[in-house]
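Hi,

Here is the structure I said I would pass on. Have a look at it first, and then read my notes below.

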2 protein chains.
Amino acid sequence: MNAADFSLDPRLAADTHAVADLPLSRLLLMDDARYGWLILVPRRAGLRELSDLPRAEQHRLLEEIEIARTALGALGPYDKLNLGALGNIVEQLHVHVIARRRDDAAWPGPVWGHGARVALDPETLAERLRRLRGALPP
Amino acid sequence: MNAADFSLDPRLAADTHAVADLPLSRLLLMDDARYGWLILVPRRAGLRELSDLPRAEQHRLLEEIEIARTALGALGPYDKLNLGALGNIVEQLHVHVIARRRDDAAWPGPVWGHGARVALDPETLAERLRRLRGALPP
């Protein structure tokens with residue numbers, strides 16, 4: 001299980017845009033205009049459950065959840081953060097960090113499985129990536 | 001924000017049974033026969049987001065997620081663990097730790113908002129609590 005053998009699950013790759021590689025995780029922006037929705041994927045091969053990560057890397061993942069939370073703030077105000085690690089469909093370990101608003105499409109339910117993804121138009125995508133990257137630590 | 005001022009949200013209390021108090025969190029069993037479903041609630045007043053917990057207590061919460069994961073194993077085999085901290089309805093910080101099976105009611109979707117809760121009969125409840133408590137660290 002090392003970084004050299006890591007490859008992003010093709011279903012995750014198809015639905016997201018890469019924001020940056022953090023020390024542990026690849027940070028992805030879900031291609032969905034309805035939400036501010038980030039995904040952290042630890043860049044280690046063969047991970048499925050959180051418990052597959054050594055404890056020190058679980059702690060690092062908490063740091064990167066905090067980085068994702070801060071970056072989402074740069075996309076605008078929100079009411080509640082949603083965190084989730086499900087993996088029922090895509091088994092590769094990934095953590096959702098989602099900015100929820102009381103007026104969003106799925107509120108107060110979870111975003112997963114709610115309606116169809118609304119792809120970002122190129123201008124909005126470029127602006128979101130710019131803001132997110134600007135909010136990452138140097 | 002201290003333990004003395006903690007009180008469990010009444011909606012969480014109504015839907016769950018107390019398993020045990022761990023060093024940080026109250027461990028609850030969701031009263032739903034469809035899933036093995038535990039909830040960790042850090043016993044600190046005023047918590048809403050994971051980021052409201054000091055980092056050392058976030059690390060402790062990871063330990064208690066691991067304890068919950070191990071305890072779920074005592075209820076029988078499962079295919080995938082689901083972790084989530086949503087809080088869109090109940091704002092008090094709580095972490096779901098759910099044993100998912102490929103033949104369960106909501107698979108592969110999330111459990112939240114899927115159909116109606118199926119209350120545990122008293123014998124099954126007593127057996128689940130016995131097994132869960134037997135799997136906790138001394």
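How many residues of chain A are in contact with chain B? The count is 30, and they meet 30 residues of chain B (contact means heavy atoms within 4.5 Å).

Before you go on: this is a predicted model, where local features need pLDDT of at least 70, side-chain atom pairs count only at pLDDT 80 or more, and totals for chains, interfaces and linings use all residues. Residues are numbered from 1 along each chain as its sequence is written, chains are lettered from A and ligands numbered from 1 in the order in which they are written, and side-chain values use heavy atoms, with hydrogens and water left out.

Back to the interface. About 2,800 Å² is buried between chain A and chain B, with 51% of that from carbon and sulfur atoms (buried area is the accessible area, 1.4 Å probe, that two parts lose on being put together, summed over both). L62(A), K80(A) and N88(A) supply 23% of what chain A buries there, more than any other three residues.

The interface also has 6 salt bridges (a side-chain nitrogen of Lys or Arg within 4 Å of a carboxyl oxygen of Asp or Glu). One of them joins E63(A) and R55(B), at 2.8 Å from N to O.

Now the inside. The largest nonpolar core has 59 residues, and V19(B) is among those with the most contacts inside it (such a core is a set of buried Ala, Val, Leu, Ile, Met, Phe, Trp, Tyr and Cys residues joined through side-chain atoms within 4.5 Å; buried means under 20% relative accessible area, 1.4 Å probe, protein chains only). A second, separate core has 30 residues, including V111(A) and V111(B).

Cheers

Notes
Buried means under 20% relative accessible area, exposed over 50%, partly exposed in between (1.4 Å probe, protein chains only).
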